Amino acid sequence: MGLDFVVTPAVLVPNPDTEVLVQRAVELAREQHARCGSRTSEQAPDASPSPSRHYAPNVDVVASDITTEALEVARRNVEVHGLGDRVQLICGDLMGPFVGSFDLVCANLPYVAGGITPCPEVVAQPARALYADVNGSALVTRLMDDSRHT
Ligand SMILES: C[S@@+](CC[C@H](N)C(=O)[O-])C[C@H]1O[C@@H](n2cnc3c(N)ncnc32)[C@H](O)[C@@H]1O
């Protein structure tokens, strides 16, 4: 996304998955804002809650992750990019900590099935950022179910 990020061993290094997700979120946020203004939930921000806010300056982002270590890295990146007044960070399990309704919920959740051994540079990243039950689909399915009630 043309931005530099602080990363530590506690987080997934942002990769093309992240960029595709952010690019689509920015498109949707811009379309929504053109219609009526918006509020965006960005679940699992890890290192990168900043790009969607940076490239879609008219949205409010509430970003969450289940680990405080990942959120601390996200907080540093929000600060580096001068977005502290526009991105709220909260800790919790999927939609658990969110209150109210959102125009867009986006997430790059873990999706690697247990028993699969990714390539060495991926496997070196935190397991909590990579693996999910039910053949890798458990967290995505739960987020979709929970989001319907938000
Ligand atoms: C694949 S990484 C994505 C990181 C970042 N969003 C990105 O795209 O570069 C998945 C993130 O989901 C978080 N996570 C895992 N289980 C979660 C849960 N139940 N609720 C919230 N976040 C969770 C992990 O801590 C990790 O930071």
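Buried here means under 20% relative accessible area, exposed means over 50%, and partly exposed is what lies in between (1.4 Å probe, protein chains only). With that cut-off, buried residues make up 40% of the 150 residues in the protein chain.

A word on the source: this is a predicted model, where local features need pLDDT of at least 70, side-chain atom pairs count only at pLDDT 80 or more, and totals for chains, interfaces and linings use all residues. Residues are numbered from 1 along each chain as its sequence is written, and side-chain values use heavy atoms, leaving out hydrogens and water.

**Overall layout**

The protein chain has five helices and six strands; helices (H or I, at least four residues) and strands (E, at least two) are DSSP runs, numbered from the N terminus. Walk along the sequence and the pattern reads α-β-α-β-α-β-β-β-α-β-α. Take contacts (heavy atoms within 4.5 Å) in the protein chain between residues at least 6 apart in sequence: 67% of them join residues at least 24 apart. The accessible surface of the protein chain comes to about 8,000 Å², by the Shrake-Rupley method with a 1.4 Å probe. Carbon and sulfur atoms account for 54% of that surface.

**The β2-β3 pair**

Strand β2 (residues 59-65) and strand β3 (residues 87-91) run parallel and are joined by five bridges; strands pair if DSSP finds at least two bridges between them. S64 has I90 as its bridge partner in β3. To get from β2 to β3 the chain passes through helix α3 (residues 68-80), and this β-α-β crossover is right-handed. Right-handed means that, with the strands pointing away from the viewer, the path from the first strand over the helix to the second runs clockwise.

**Cores and the aromatic pair**

A nonpolar core is a set of buried Ala, Val, Leu, Ile, Met, Phe, Trp, Tyr and Cys residues joined through side-chain atoms within 4.5 Å. The largest one has 10 residues: V22, V26, A29, A56, V59, V61, A63, V78, L83 and V87. Both α1 and β2 supply at least two residues each to this core. There's also a second, separate core of eight residues, with L94, M95, F102 and L143 among them.

The whole structure holds one aromatic pair. Rings of Phe, Tyr and Trp (its six-membered ring) pair if their centres lie within 6.5 Å, with planes under 30 degrees apart counted as stacked, over 60 as edge-to-face and the rest as tilted. F98 and F102 make an edge-to-face pair, 5.4 Å centre to centre with 85 degrees between the planes. F98 and F102 are both buried.

| Residue | Relative accessible area | Class |
|---|---|---|
| V7 | 38% | partly exposed |
| L89 | 27% | partly exposed |
| L94 | 4% | buried |
| V134 | 59% | exposed |

V7 is in the segment before α1 (16-36), and its C-alpha atom is 8.8 Å from that of N77, 70 residues apart along the chain. L89 belongs to strand β3.

L94 sits in the loop between β3 and β4 (104-107). Its phi is near 45 degrees, a positive value in a residue other than glycine. V134 lies in the loop between β6 (131-132) and α5 (138-147), and phi of V134 is near 50 degrees, again positive in a residue other than glycine.
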